Amino acid sequence: MTTPDWPLFEVFIRSRSGLEHKHVGSLHAVDARMALEHARDVYTRRLEGVSIWVARSSDITASDPLDADAFFEPARDKVYRHPTFYPIPEEVKNL
Amino acid sequence: MSAQSDLAPGADARLHYVLRLADTSLILGQRLGEWIGHAPALEEDLGLANIALDLIGQARLLLSYAAELEGRGRCEDELAFLRDASEFFNLTLVEQPNGDFGYSIVRQLLVAAFQLELYEALQTSADRRLAEIAATALKETRYHVRYSASWVVRLGDGTAESHARVQAALDELWPFTGELGAEDAVDAAMVAAGIAPSAASLKARWSARIDAVLVEATLRRPSDSIYPWLGKRGVHTEHLGYMLAEMQFLQRAYPGAEW
């Protein structure tokens, strides 16, 4: 089996109980319609989802790993941004 | 034409009719299964295998029902793996070899569009069991039609090469579609009992659906053949025997083998 020269699509699936679409993988297809059908066949065979999004991989702008320091390091020493400095009232459960 | 007499003593029209539906799904499912590992792309490999599994699932429901109707203590597996070609009653169309991808896709569209009309009509069958099976099969069949129709349009309205190939496939397979509208005593009995829709009414709706796809695919509808293919009466092309030899080998060589 040779894989044809088809563009790559990223696939996002919303599960039956989920509120948001989650990235599940990628596949090849000629266009968006075919990508949806392929996604149905490749990624929802075990009842994984009730909704599918597909997007051309080339349409996604990704952060550059080389920028990781500039992007993410500054947050590392700002632990006060985490909501862990509050005493939780005893009546509140499952927070 | 020893088919009818081989089937079973007391075999009635309903058993015959159910076997026609079951065998059509089973044989097409087996044919599509031959694509596994050979499809033009990984994604299509999975797509064809999914359809094959849907069809074999339909065949299991229908063969189980047929086994009950037959009442000889046989099970679905025995009906699938221990009958000879002359005891199979599938449409001649489904046993035709896979050819290239376009050929298989054209065959798939021609059959799936027919099954779609059939299952829709069977939902109101006087036979509750058939109505339930049809309702289950209908959903997946809608997808089979969507999948195969979109490929026929892509290939027909694609390159000169793809257009020529699917047109040739259509021309070659079309004569076998005559059988879709042919009725015999079994069909007539089923229609009279309110169990099945008339083949002529199914063929007319099928024809309209196919025409719409062919127009979009820029394909020419071949002229109808008067040759009466008789797969559903147990008379088959040579291809079915070879296919069954492979499909049934294990059960024939090791009777009762399980895994």
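1. Start in chain B with B:T218. You'll find B:T218 in the loop that runs between α9 (199-216) and α10 (238-253) of chain B. Keep in mind as you look that this is a predicted model.

2. Now check the backbone there. The phi of B:T218 is positive, about 55°, even though B:T218 is not a glycine. Is B:T218 buried or exposed, or something in between? B:T218 counts as partly exposed because it has 13 C-beta neighbours inside 10 Å, and the exposed class takes 12 or fewer.

3. Chain A has a residue worth a look too: A:L47. A:L47 sits in the loop between α1 and β3 (51-56) of chain A. Its phi is near 60°, again a positive value in a residue other than glycine.

4. How many other C-beta atoms lie within 10 Å of A:L47? There are 8, so A:L47 is exposed, given that the cut-off for exposed is 12 or fewer.

5. Next, have a look at where the two chains meet. On the chain A side, 12 residues are in contact with 13 residues of chain B. Two elements of chain A, β2 (22-28) and α1 (32-43), each give two or more residues to the side that touches chain B. Which element gives the largest share? That's α1(A), with five residues.

6. One last thing about that side of chain A: what sort of residues touch chain B? By class, there are five nonpolar, three polar and four charged residues.

Definitions and conventions:
Residues numbered from 1 in each chain as written. Chains lettered and ligands numbered in written order. Predicted model: local features only at pLDDT ≥ 70, side-chain atom pairs only at ≥ 80, totals over all residues. Contact = placed C-beta atoms within 7 Å. Helix = DSSP H or I, 4+ residues; strand = E, 2+ residues; numbered from the N terminus. Nonpolar A, V, L, I, M, F, W, Y, C, P; charged D, E, K, R; others polar. Buried ≥ 20, exposed ≤ 12 C-beta atoms within 10 Å, placed from the backbone.
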